Amino acid sequence: MSIAEMVRDREGAEARVNEAYAKAQQLQEKLNDVITFVDPKQQLEHLPQEGLMRGVPIALKDNVNTKGIRTTAGSRILSNYVPIYDAEVWTKLKKAGAVCIAKSSMDELAMGGTNKTCFTGYAYNPWDRRRMTGGSSGGSAAMVASGVVPFAIGSDTGDSVRKPASHCGVVGVKPTYGRISRYGIIPYSSSMDHVGYFTGNVEDACLALKVLAGRDERDMTSSLRPVEDYSALLNSDMHGKKIAVFKNVLDGIENKETLRIFNDLCEKLRARGAVVEEYTFDQDLMNAILPTYFIIANCEATSNHSNQDGIRFGVREDGADMAEIMTNSRTKGFGPLIRRRFVIGSYGLFEENQERLFRKAQKVRRKIVEAMNECYKQYDAIMAPASGNIAPLLDDTQDQDQLGDAQVIAENYMAIGNFSGDPSMTVPMGFEEGCPIGVNITCRPWEEVTMFDIAKAIEEETGLKDLRAEVK
């Protein structure tokens, strides 16, 4: 049932929400995709009479502040944190009538792409429990994929909505930077963080953005641009649309089945009237995407999380003095991956290193964005597989150092949309070995309408919408 259909079924709202709440609890043992369950009873008692999401059960990624409800960001150090205010996205969703039933699992502090670093343990892919959900918004993606909720909030700093969407067979949207307020979102990298979300189909994605978008005076990066009626403007006619396919990404994909599915999709879009052409991005800039992201993200994260020290925020460990309390609290409170990233970030922020590392990365980022803008002079959108493969197995120990340069590009190129702030989304394009794999679309800033139009055409061609995994 789509979001719009749920809203029309006014009489079934309470039963529907309670059923979702019970199903989430039932699947928890198998998927471990929830950190904190939220009893919907009080919310149901205060449902607004009207709203675009009235009576729709939803999940919020656990870096979304919820007043009076524990919000951990997937980290042990925040396992005792109960916010005193709501994030703006949760305020908007409540006004629209949505009912939160869970705070979903995530990689610790949103730093990761596996959902294996959450302090409550792995989240499991509902299509195949041996596999990852992807991260850092994996819990939200899994809850939509398993049919528990039709909508869930995530956040995206490198591809943390769009990659889990591919691995879990759902729609994952990262709008333009500033389109959705980030007030009340526990940050990772402030210059690249976006609020994103998951749905089962493109029409629901259009409706959701209308609910979430808009100016918020408490977030100075949020835009004053009017919010469009994305649902009313949705049009899957591809005549005249020009789409660039990143050849650099295709060159890094060794899986022939992924390439076959993607090339078949390109032919179907051409048959609908679109111009779909390969485009070679500057190779040096492509190679620079991951290291540039890594430096900027870790430096900004180190600054953003300096207050989690067991004194101002976080679980406090004993110590002989304040310095020892801070050291013990951060050592025990953060997982090993996060500690390593903070060391790297601190190194990049040392005064003697800022110019040759952090500032240089910012300059390279600008060069990459300028190259993106050159592409947009010829094309309306950029498209490529969201991943070279289906979701990796949980016991896959391969890391970035073991991948070739071309493979690294194929698995990390979507961070380019965080550098530029351009709208970007992933939709399912096919199945391999019984598991879904997605295609990514990125457009010029504020051209969500074009992005949704292309996504809708893809959805119509593949027939892959409202996919629901049978959890075994």
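Biologist: Where does K456 lie?

Modeller: K456 lies in helix 17, residues 448–462. Helices here are DSSP runs of H or I with at least four residues, strands are runs of E with at least two, and both are numbered from the N terminus.

Biologist: Before we go on, what kind of model is this, and how are residues numbered?

Modeller: This is a predicted model, where local features need pLDDT of at least 70 and side-chain atom pairs count only at pLDDT 80 or more, while totals for chains, interfaces and linings use all residues. Residues are numbered from 1 along each chain as its sequence is written, and side-chain values use heavy atoms, with hydrogens and water left out.

Biologist: Got it. Is K456 buried or exposed?

Modeller: K456 counts as buried, because its relative accessibility is 10%. Buried means under 20% relative accessible area, exposed means over 50%, and partly exposed is in between, with a 1.4 Å probe and protein chains only.

Biologist: What does the side chain of K456 make a polar contact with?

Modeller: With the side chain of E203, at 3.2 Å. A polar contact is a pair of N or O atoms within 3.5 Å; within protein, one must be able to donate a hydrogen and the other to accept it, and residues adjacent in sequence count only if both atoms are side-chain atoms. Leaving aside residues up to four places away in sequence, K456 touches V202, E203, L234, S236 and K465. Contact means heavy atoms within 4.5 Å.

Biologist: Let's switch to C206. Where does C206 lie, and what does it touch?

Modeller: C206 lies in helix 7. Not counting residues up to four places away in sequence, C206 touches Y230, S231, L234 and F452. C206 is buried, with a relative accessible area of 0%.

Biologist: Which strands does strand 11 pair with?

Modeller: Strand 10 (residues 424–432) and strand 11 (residues 435–443) pair in the antiparallel sense over 8 bridges. Strand 9 (residues 381–385) also runs antiparallel to strand 11, joined by 5 bridges. As examples, G430 has I437 as its bridge partner in strand 11, and M383 stands opposite I441.

Biologist: What's in the hairpin between strand 10 and strand 11?

Modeller: There are 2 residues between the strands, and E433 takes a positive phi near 55°.

Biologist: How many residues of strand 11 are buried?

Modeller: 9 of its 9 residues are buried. C435, I437, V439, I441 and C443 point one way, while P436, G438, N440 and T442 point the other way. In a regular strand, side chains alternate between the two faces of the sheet.

Biologist: New topic: which residues of helix 10 are buried?

Modeller: T258, I261, F262, L265, C266 and L269 are buried in helix 10. Down the axis of helix 10, these buried residues fall within an arc of 140°, so they line one face of the helix. The arc is that of the directions from the helix axis to the C-beta atoms. The face turned away from the buried side carries the exposed residues K256 and A271.

Biologist: What happens at the start of helix 10, and what follows it?

Modeller: At the start, a side-chain oxygen of N255 reaches to within 2.9 Å of the backbone nitrogen of E257. Helix 10 is followed by G273, whose phi is positive, near 110°.

How values were computed:
Pairing = 2+ DSSP bridges.
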